[in-house]
Amino acid sequence: MTDDRIGRASLFLASGTIVSRVLGFVKAAVLVSAIGLTKSPSADAFAVANQLPNTVYVVVAGGVLSAVLVPQIVRAGLHDDGGRAYINRLLTLALVVLAGITVVATLAAPLLTLLYGIKLDESTRDLATLFAFWCLPQIFFYGLYTLLGEVLNARRSFGPFTWVPVINNVVAIAGLVVFMAIWGSDPDGHRAPEAWDPAMIAVLAGSATLGIALQAVVLFWFWRRIGLRYRPDFRWRGVGLGDAGRMATWTFGMLLLTTFAGLVETNVVGIASGQGASVAALGNAWLLFMLPHSVITVSIATAYFTRMSEHASHGDIDRVRADLSSAARGVGLIIVLAASVLVMCSYPFATAFASTASFETHVEFGNVVMAYMLGLLPFSLLFIVQRTFYALGDTKTPFFFTLFQVVLFSAGALLLVNVLPEFIAIGIALLTSIACTAQVVLASVLLRRRLGGLDGWRVASSFIRYAIGAVPAVIVGFVALVLLGGITPDGFAMSGLIPSLVSMAIIGVLMSAVYFGVLWLIHTPELRGFAEPVLRRLRRS
């Protein structure tokens with residue numbers, strides 16, 4: 001796969017992610033109209049139930065499948081049949097395990113809603129349990145979607161994996177519209193848990209599960225387009241599944257570590273329960289943090305991951321190293337700008353997100369965003385380094401550098417118990433950035449030993465150029481923020497939804513123009529390598 005093809009694949013992946021994210025926000029807004037948001041028993045019950053399948057799936061199988069499938073399928077492609085038998089047997093085994101997990105989880109719905117909805121009153125928890133019986137089958141379809149999608153990625157068919165979630169969102173929105181057409185909307189959340197009947201529960205929760213199911217099943221059609229046919233095969237011995245099992249074991253252990261860190265964070269943040277704005281700021285700032293990561297880093301790294309796995313399967317370490325360098329420099333080019341813009345737009349974004357909140361709340365949210373954004377570049381680089389280990393068939397080393405991060409983060413989080421509650425949220429965000437930075441440094445050292453080098457000087461030179469471009473961009477962004485009133489309670493940028501959106505657009509455009517302009521003037525290879533082919537096509541047209 002050439003760099004041009006990787007670029008096109010990355011753009012296709014990013015476009016699908018953006019469309020899906022936009023529809024996800026629309027779905028969230030329609031859901032609020034249907035059942036409310038704050039002080040709504042219905043919203044609380046559905047939120048607990050609909051989050052359960054994703055939580056169970058991520059803990060049990062999510063990262064395991066992503067880490068194991070692509071490298072193993074690429075290696076299986078060297079078999080005489082192109083890996084078809086291996087894929088069928090691996091998929092059959094995974095689906096059997098997923099089906100078993102789904103059945104057990106669904107039967108355990110009352111226990112799961114008790115664990116995750118312990119603060120709900122009895123009637124709301126009973127409603128959550130009824131929702132959960134409809135939602136928990138999503139576990140199987142989340143797994144099927146990942147399995148089929150990762151096989152497509154391994155076969156260089158990248159688009160479907162990020163575009164089919166659009167179907168899920170459209171179906172879910174349609175289900176919500178039908179629900180409101182029949183039973184009416186309840187944006188203030190006044191509907192009592194006792195007012196729900198089986199038909200209402202089936203339409204709301206059932207449409208959510210139907211969307212996930214269609215998102216997965218439609219990928220079979222894309223399988224046929226690349227010449228694959230799934231035939232259940234229960235002959236699991238003698239096809240090399242043992243290697244996949246060993247890789248999965250270490251990845252599962254890594255997921256348990258991150259789950260433990262999440263529990264520590266939840267309990268520490270719980271100390272600030274009386275400071276509701278701080279807790280809300282932490283969760284919402286994390287969502288904003290993940291947006292550029294999912295659109296930029298995941299899109300670029302996913303395309304490179306397949307090529308890395310191909311080179312690793314042939315023992316071509318030099319090309320693996322080259323792929324790592326190219327992916328890091330490509331991601332860094334955009335992530336440095338994204339982090340800089342989001343820091344400058346953090347206060348206006350808080351206004352757009354919660355326009356009726358106080359200026360103090362907006363500042364608090366903005367400060368948490370800034371603390372998280374310090375770790376955006378290390379977090380993105382860590383994702384690439386981690387995927388490089390996976391391409392090499394090594395999930396053991398990532399377990400140990402994740403253990404290092406979890407110990408560092410957990411120790412720091414426990415120290416935050418002694419600070420004032422209003423500072424816990426920003427402390428957690430800053431600690432996350434520090435721990436992630438330390439983790440990527442350790443991971444890079446370990447990977448350097450494995451690869452015999454990381455093309456470090458070339459990567460460092462590129463990041464120095466990005467920093468040179470970011471400094472004047474940040475200065476221009478800050479001046480624009482001040483002129484637009486983004487740091488005063490009565491300023492234009494902080495006066496409402498539309499002014500905040502306009503301000504963010506102005507700041508973003510100005511910073512982007514300065515950043516890319518400076519990088520162009522200092523002849524940044526990564527920018528010119530992307531822009532010059534586009535400019536040539538424009539001149540021809």
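This is a predicted model: local features need pLDDT of at least 70, side-chain atom pairs count only at pLDDT 80 or more; totals for chains, interfaces and linings use all residues.
Leaving aside its neighbours within four places in sequence, which residues is Ser-33 in contact with?

View 1. Once the neighbours within four places in sequence are set aside, the contacts of Ser-33 are with Met-180, Ser-185, Asp-186 and Pro-187. Ser-33 itself lies in helix α1, which spans residues 3-35, and its relative accessible area of 31% places the residue in the partly exposed class, because this value falls between the limits of 20% and 50%.

**View 2. The cysteines Cys-345 and Cys-436.** Cys-345 has a relative accessible area of 4% and is therefore buried, the cut-off being under 20%, and Cys-436, with a relative accessibility of 5%, likewise counts as buried. A disulfide is a covalent bond between the sulfur atoms of two cysteines; the structure holds 0 disulfides.

**View 3. The protein chain as the setting of the close-ups.** The chain contains 21 helices and 0 strands, and 52% of its 541 residues count as buried. Among contacts in the protein chain with a separation of 6 or more, 83% are accounted for by residues 24 or more positions apart. The accessible surface of the chain comes to about 24100 Å², and carbon and sulfur atoms contribute 68% of this area.

Technical notes: Residues are numbered from 1 along each chain as its sequence is written. Side-chain values use heavy atoms; hydrogens and water are left out. Helices (H or I, at least four residues) and strands (E, at least two) are DSSP runs, numbered from the N terminus. Buried means under 20% relative accessible area, exposed over 50%, partly exposed in between (1.4 Å probe, protein chains only). Contact means heavy atoms within 4.5 Å. A disulfide is a pair of cysteine sulfur atoms within 2.5 Å. Accessible areas come from the Shrake-Rupley method with a 1.4 Å probe; for residues, only the protein chains shown count as cover.
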